[in-house]
Amino acid sequence: MRGTIIHAPGDIRSEQLPDPTMTAGTDAIIRTVATCVCGSDLWPYRGIEPVDHPHPMGHEYVGVVEEVGDQVTTVRPGQFVIGSFATSDNTCANCRNGYQSACVRREFMSTCQAEYVRIPNADGTLVATDGEPDPAHVPSLLTLSDVMGTGWYAAVAAEVRPGATAVVVGDGAVGLCAVIAARELGAERIIAMSRHADRQELATAFGATDIVSERGKDGVARIKDLTEGIGADSVLECVGTGESMTQALRSTRPGGNVGFVGVPHGVEIAGDRLFFSHVGLRGGPAPVRRFLPDLIDRVMTGGIDPGRVFDLTLPLAEVAEGYRAMDERRAIKALLRP
Ligand SMILES: [Zn+2]
């Protein structure tokens, strides 16, 4: 099959690889219908995370089940399925508490930019759609595998409530999906922090009521101007840098909450500053599985259209161009079709 290997920073190749095989009765093999490049894939691509040896890439996927192990009962061959970037049995204590991304049997997906993918913990990970989805819904369904599920978790973690004021820090695909989530959860005012015209436009289409293009102290001052001088009820941090986390904490009102879903790189929080801020913090890898049935329903009924974050579609063989386009910010997010 065709798959994607990173050999070194900047060196992504589409190659012929062996087809995946079943390794446990709890596995499934899917034929990929669509996959994509994630902002977090750019960390090794840019050399910010080391690439010690060549390895496969990709953790976002929708596909059709080809084969299931003898212990798999919830999905069957021929079904169209979506799963999280983190697999889960959906039965352990962490799963039952809604933290499937902390499942005791969790395995992170890492081979999805390929024609076929082995899914561990298939029973608790994959959710089938009700029949074959309309092809027009496939990009939106694909976002549920990570970016839309992660944006949703940012809003839940930041405790967005009806009537609330929410700030979204970050205008990548997750940040844009977080705007959708804040709107769906009833935020009355949604302030998107973005410096790029095309992304500001999409954030507005997704429900942002205000755009703040300033950063740092000026950005905080603008948020305070818009929130009676105290900061927002809920701040959704969707970047993961020290700067963005500081931005998020300083933009939140006393008693408000930050949901942080950007994978931290160089984030340090001073205890005394946190202590006096009266801000609640919750984050981590999103328990996407918790939200999948609801989000699938919202996509299939046309309630949300997060697939609009894909502004580049390529054949899987041209995956390297997808990385380049996202690295150079020519694309928000690249969808790949086998
Ligand atoms: Zn579990």
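My entries below go from the overall fold to a few single residues.

**Entry 1: overall fold.** I started by noting that this is a predicted model. I then looked up the secondary structure and found twelve helices and 16 strands in the chain. For size, I read off a box of roughly 60 × 40 × 40 Å around the C-alpha atoms, taken along the principal axes. I also checked the radius of gyration: a compact globule with 338 residues would come near 20 Å, and the chain has 19 Å, so the two agree.

**Entry 2: packing.** I wanted to know what share of the 338 residues counts as buried. The figure is 51%. I next took the contacts between residues at least 6 apart in sequence, and 69% of these join residues at least 24 apart.

**Entry 3: the record.** I looked up UniProt, where an unreviewed entry carries the annotation "domain: Enoyl reductase (ER)" for residues 10-336. In the model, I find that span to be 31% helix and 22% strand, with its end C-alpha atoms 18 Å apart.

**Entry 4: the nonpolar core.** I went to the largest nonpolar core, which has 100 residues. Which of its residues touch the most other members? My list reads Ala166, Val168, Ala178, Val179, Ala182 and Leu236. Helix α6, residues 173-184, gives the most to this core, with nine residues.

**Entry 5: a strand pair.** I followed strand β15 (residues 312-315) and saw that four bridges join it to strand β16 (residues 334-337), the two running parallel. Between them the chain passes through helix α12 (residues 319-327), and I noted this β-α-β crossover as right-handed.

**Entry 6: Gly240.** Is Gly240 buried or exposed? I found 23 C-beta neighbours inside 10 Å, and the cut-off for buried is 20 or more, so Gly240 counts as buried. Gly240 sits in the loop between β12 (232-237) and α9 (242-250). Leaving aside neighbours within four places in sequence, I list Gly262, Val263, Pro264, His265 and Val267 as its contacts. I also checked Gly240 against Gly149, 91 residues apart along the chain, and their C-alpha atoms are separated by 17 Å.

Terms used: Residues are numbered from 1 along each chain as its sequence is written. This is a predicted model: local features need pLDDT of at least 70, side-chain atom pairs count only at pLDDT 80 or more; totals for chains, interfaces and linings use all residues. The radius of gyration is taken over C-alpha atoms; the globule rule is 2.2 Å times the number of residues to the power 0.38. A residue is buried if 20 or more other C-beta atoms lie within 10 Å of its own, exposed if 12 or fewer, and partly exposed in between; C-beta atoms are placed from the backbone. Two residues are in contact if their C-beta atoms, placed from the backbone, lie within 7 Å. A nonpolar core is a set of buried Ala, Val, Leu, Ile, Met, Phe, Trp, Tyr and Cys residues joined through C-beta atoms within 7 Å. UniProt positions are given in the numbering used here, feature names are shortened, and annotations may be inferred rather than shown by experiment. Two strands pair if DSSP finds at least two bridges between them. A crossover is right-handed if, with the strands pointing away from the viewer, the path from the first strand over the helix to the second runs clockwise.
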